[in-house]
Amino acid sequence: MSGYVIANIDVKNQEAYKEYIDRVKPIVDKFGGEYLVRNGEYKIIDGEWKYPRTVVIKFPTYAKALEWYNSKEYKPVKKIRLENTVSDGIIIKGATDE
């Protein structure tokens, strides 16, 4: 069962966030992740969407998504994101194939 990282982000420091983007993709790749959404045009259809940037990453499994997030490789890169954005994020199991 796939695992998904879904993040809603407000970038406060564009220059530092560019460094994050450059450094995070190879780590996502290493853990088998695939970007499905990396910003883009959107329309709010219900409720409120707090931040202007949305990212969705698909991993082969929920466990692999958690492994990526908690990895020693991602830890220093995550620090860049946390210091330069305001965000909400989850890691969630995908639906099973029926």
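Trainee: How many helices and strands are there in the chain?

Mentor: There are 3 helices and 4 strands, taken as DSSP runs (helices H or I, at least four residues; strands E, at least two) numbered from the N terminus. This is a predicted model, where local features need pLDDT of at least 70, side-chain atom pairs count only at pLDDT 80 or more, and totals for chains, interfaces and linings use all residues. Residues are numbered from 1 along each chain as its sequence is written, and side-chain values use heavy atoms, with hydrogens and water left out.

Trainee: In what order do the elements run from the N terminus?

Mentor: The order is β-α-β-β-α-α-β.

Trainee: And how much of the chain is buried?

Mentor: Buried residues are 36% of the 98, with buried meaning under 20% relative accessible area (1.4 Å probe, protein chains only).

Trainee: On to the pocket. Which residues lie nearest the centre of the largest pocket?

Mentor: Val-5, Ala-7, Tyr-20, Tyr-74 and Arg-81, out of 22 lining residues. A pocket here is an open set of points on a 1 Å grid where a 1.4 Å probe fits, with protein on both sides within 12 Å along at least five of seven lines; lining residues have an atom within 4 Å of a point.

Trainee: Which element gives the largest share of that lining?

Mentor: β4, with 5 residues.

Trainee: What is the lining like by class?

Mentor: The lining has 16 nonpolar, 2 polar and 4 charged residues. Tyr and Cys count as nonpolar, and Gly as polar.

Conventions: Buried < 20%, exposed > 50% of the residue type's maximum accessible area, 1.4 Å probe, protein only.
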